[in-house]
Amino acid sequence: MNSMTGQANTVNLQGNKACALGAVAAGCRFFAGYPITPSSEIAENLAKELPAVGGVFLQMEDEIASMAATLGASMGGIKAMTATSGPGFSLKQENLGYGMGAEIPCVVVNVMRGGPSTGLPTRPAQGDIMQTRWGTHGDHPVIVLAPGSVEEIYQQTARAFALSEKLRTPVIVLFDESLGHLVETVALPDVADYEKTVRKWATGKPEDYKPYHGDADGVPPMARPGDGFRVHTSGLTVAENGFPTQKPHEVDALMKRLLGKVALNNDLIESFEAVECKDAEVVIVALGVVGRAARKAVKELREAGIKAGLFRPVTLWPFPTESFRKQTAKARHIIVAEMNAGQLIHEIAEVKTGKQKVTGLNRYDGVPISPVDIKKTVKEVLGHE
Amino acid sequence: MNKQVALKADDAKKTADGKEFNIRDYLRLDLFPHFMCPGCGHGIALRALLWAIHEQGIDKDKLAVVCGIGCSGRVGGYIDANTFHTTHGRPLAYATGLKMARPDLHVVVITGDGDCLAIGGNHLIHAARRNLDITCLMLNNEIYGMTGGQGSPTTPRDRFTTTTPAGNREPVFDACKLAEAAGAGYVGREVTIHLPRLRDLIAGGLAHKGFSFIEVMSDCTEVNGRKNDLGSSPEMVLGQTRTMRPPDYEYDSNVVDHPFRPSGLHTGVFVQSDRPEYGAAYRDMSEKLQQGRTKP
């Protein structure tokens, strides 16, 4: 019982700490990281938590090594995570792609700050929306979860482990400085089901095992070192036996399965929040912390008689396209409010089906978009008709 | 501590169970023929490694071989073990995560002069400093072979490569001194022509509890030897041996009068220390924390 709120199981928690605790609750037993603002509290909390539960915390020599060590630990068979911010996320891209290609589960947290370059280390931004989708080279499967509150950071970090293990692919958790440093009173959600979700391990006769032959869900069982399978893992394009190939039909089959396994499991991956969208004339699309401002703006606009709604993708990538289309079917206007110069707006313009007019509301001055900003843009858009 | 590895009288050594070494027991023979060029020293290094693994009685199921990118990076794939072909320069970082997660595995890293000293140099010095129980074999062929013969951090002075068309003017790295200075617990260098000595050097690394760094002087006949008129493979390895010096040999100057290389080559075991191994130290701390004996 919390003496301040009178509620059971509530706790005062910082966003970054919630991320660390959500990871441990989901069964994370390895973290490798490098100090970087504004994500360092994730590493600091795990440096305390992990050894106390028999897990491993490693401060590596750089961001690249952190990503590599995280994948190395996961190749050994345990749930592993790393966390960083923009500049570090850029450095991790090559090895993140290795995880996607070689199908090694792990969770990568990016607490966004202003960019480009060193940018605004202690100020929020959403400038990495497209980097999470296209950051590493070549075609690749991507799953990105974008929580919008401290409670959701805890829950989505735990969920990221479950998705990552189940689909044998890295999952990115994306939020920003303002959420990472936000302290809220939260009720910790039950994440036991996420904790129980572990990857499919290879069983049976080693001679019959094909390390890159997908099951019906597109995901191949993984061989645990020491279990007698003695497989080869490579960043090269491989055939089903795990060894490099350049045969066009084998390359094509691998790529189709790799990219397809995310689409095949979209029901499991998709998540979003829709507020008052059913009859909305104008739908605001907002991600993470901006969703909070948008929720307030929608409430106040409704009170003023304006039919506004909010669509907030919690799963950013793959974008919840069909759900978005359903939720915005009646809208005449879509406003994409994002803390960058315009990134998510490109996806919205591409996936919308109706004649909705798409307008961007952008801030990249290190200040979160406010309800006032959103209401002003809604009124401008409607007034211009 | 300088110590020369003595030649063993009986090279066909046996393991405790008396089984003689047969390289075929340790190879993925269905992948043959292998990718290595005729005359390449990497195959000899591979044989020495497998022989040492056999002598140490290491179970293939518990052996993890982590490689980077380049000619050295492709060597591990032929080993019938848990093999990981990772990204350029990063095998030590992958191996660090793997070894911390799975202390029950024997983790061997195979890397090259470009992989380990250029793009991955930071990971080498920190792996040596951390002193985790990993055996690192750096196959030094003094060139980027896989990409077509560019100069590397160990390309000798005046050597012609595709990126030093007028002869190399950059100084070279002494990888063993680097590893020693950074704290590696076991450091040594050997040439491929002395296979039993190389085998014993590697076996010493496998047996050592901590980070062991072994530099194998390999030879690249195709894109290094040919371009510099260093002769065929036998001539190249003979060139290596003629510039070899024991660990305690003191040069009057660093110049050796031999066309193969401008400076002499120390071989043998240079460092053998009992610095605390990091994995054990970490687990000791973790166990105490789990029992609540010390506060974090």
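Strands and helices here are DSSP runs numbered from the N terminus, with at least two residues of type E for a strand and at least four of type H or I for a helix. Two strands count as paired if DSSP finds at least two bridges between them.

Before going on, a word on what we are looking at. This is a predicted model, in which local features need pLDDT of at least 70 and side-chain atom pairs count only at pLDDT 80 or more, while totals for chains, interfaces and linings use all residues. Residues are numbered from 1 along each chain as its sequence is written, and chains are lettered from A and ligands numbered from 1 in the order in which they are written.

Back to strand 7 of chain A. Leu145(A) has Val173(A) in strand 7 of chain A as its bridge partner. Together, strand 6, helix 6 (residues 150-167) and strand 7 of chain A form a right-handed β-α-β unit. Right-handed means that, with the strands pointing away from the viewer, the path from the first strand over the helix to the second runs clockwise. Strand 7 of chain A also pairs in the parallel sense with strand 5 (residues 106-112) of chain A, over 7 bridges. There, Val107(A) sits opposite Val171(A).

Is strand 7 of chain A buried or exposed? 7 of its 7 residues are buried, so strand 7 of chain A is largely enclosed by the rest of the structure. Buried means that 20 or more other C-beta atoms lie within 10 Å of the residue's own; exposed means 12 or fewer, partly exposed is in between, and C-beta atoms are placed from the backbone. Pro170(A), Ile172(A), Leu174(A) and Asp176(A) point one way from the strand, Val171(A), Val173(A) and Phe175(A) point the other way, and all are buried.

Strand 2 (residues 30-33) and strand 3 of chain A run parallel, joined by 4 bridges, and Gly33(A) stands opposite Gln59(A).

Next, the domains. Chain A is assigned domain 1 (10-196), domain 2 (206-267) and domain 3 (273-383), with bounds from an automatic or database domain assignment. The centres of domain 1 and domain 3 of chain A, taken over C-alpha atoms, are 26 Å apart. How many residues are in contact there? 24 residues of domain 1 of chain A contact 19 residues of domain 3 of chain A, where contact means C-beta atoms, placed from the backbone, within 7 Å. Helix 5 of chain A gives the largest share of the domain 1 side, 4 residues.

There is a second open sheet in chain A, of 5 strands in the order 10-12-11-14-15, with mixed pairing. Strand 10 (272-275) and strand 15 (357-362) of chain A are its edges, each with a single partner strand, so one side of each is left without a neighbour in the sheet. Strand 14 (residues 333-338) and strand 15 of chain A pair in the parallel sense over 6 bridges, and Glu338(A) stands opposite Asn362(A).

Finally, chain B. Chain B has 10 helices and 9 strands, and 54% of its 296 residues count as buried. Where do the chains meet? 34 residues of chain B are in contact with 37 residues of chain A. Helix 3 of chain B gives the most to the chain B side, with 8 residues. The chains also share strand pairing: strand 9 (residues 232-234) of chain A and strand 2 of chain B pair in the parallel sense over 3 bridges, and Ser234(A) has His85(B) as its bridge partner.

Note on methods: Contact = placed C-beta atoms within 7 Å.
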